[in-house]
Amino acid sequence: MRKLKNLLLIINLQTFIISFLAITSTAICIHFKYEADFPLTIITMSIVFPIVFSIGGAYKRREAALREYAAIKGYLRSIYFVSRDWTSSSKKIINAKKTIYLIEDLFNNIKLMFTNSNVEINKYESKLYDNFSDLSKFINIDLKESGLSLGECSRINQYLQKLMISFESIKHIYQYRTPRTLKAFSSLFIFIIPIIYGPYFAFQAENMSYGLEYVTPILLTMILVSLKNIQEHLENPFDQVGLDDVKFNVKRFIENLKRSEEVLDTE
């Protein structure tokens, strides 16, 4: 069942529509003996090369998003360890609990921002800046009162600064996609090439057994549309639809922090 679901991510309704149009075009050309030996380099130059270029660009964006996402988790965990281990023993538990609360709220807003529509980005962005402000106040007020020195507070503020830089990097990956004109160009030719190449498929049908003359247009359509669908799923690595999306597992991250807090409670 899962394999079928994964297959449907790259083979969709558009695949069947274009395949039907390509088969119809081929059948008409065979019937009227309308044949031509078109060069296949047109398909390579107009479709395959732009799509492969877009897939490569989208993959690099996803890898960059993963690096920044890992950095965000690392900085948040570092801030938590500071609040738990660098302060006076009487306030360790209180600071650890408050840090977890601030981190969970921030992490949830990050998840909501990047997994929802671009239209709602301003709403979640303002909430996130409030979260950053709360963390800053926590570092410079609560941790200072708990015995953290000015030098140590300055170092933790650097973690917060790097955390915000990583967030801004992911936000730009989320907002700016691979060239839209290139995507529109390849989408246009994916739709028309299998239809226009009807005379070529009719020409090749002379060397095929009966019934196999429609295999080529179907295969060509499936390959081109599948490549396009792969590119679209990689285009937005945060929409939680494709198999290669960035997963925001807030619950597991917070549970790991709470387990270390439980160890502190037993000391």
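**S83 and the chain around it**

S83 touches K92, N95, A96, T99, F138 and L143, leaving aside residues up to four places away in sequence; contact means heavy atoms within 4.5 Å. This is a predicted model, in which local features need pLDDT of at least 70, side-chain atom pairs count only at pLDDT 80 or more, and totals for chains, interfaces and linings use all residues. Residues are numbered from 1 along each chain as its sequence is written, and side-chain values use heavy atoms, without hydrogens and water.

User: Is S83 buried or exposed?
Analyst: Buried means under 20% relative accessible area and exposed over 50%, with partly exposed in between (1.4 Å probe, protein chains only). S83 has 0% relative accessibility, so S83 counts as buried.

User: What is the radius of gyration of the chain?
Analyst: The secondary structure comes to ten helices and zero strands. The globule rule, 2.2 Å times the number of residues to the power 0.38, goes with a radius taken over C-alpha atoms. For 267 residues the rule gives 18 Å; the chain is well over that, so it is more spread out than a compact globule, with a radius of gyration of 27 Å.

User: What box do the C-alpha atoms of the chain fill?
Analyst: The box is taken along the principal axes. Its dimensions are roughly 90 × 35 × 25 Å.

Key: Helix = DSSP H or I, 4+ residues; strand = E, 2+ residues; numbered from the N terminus.
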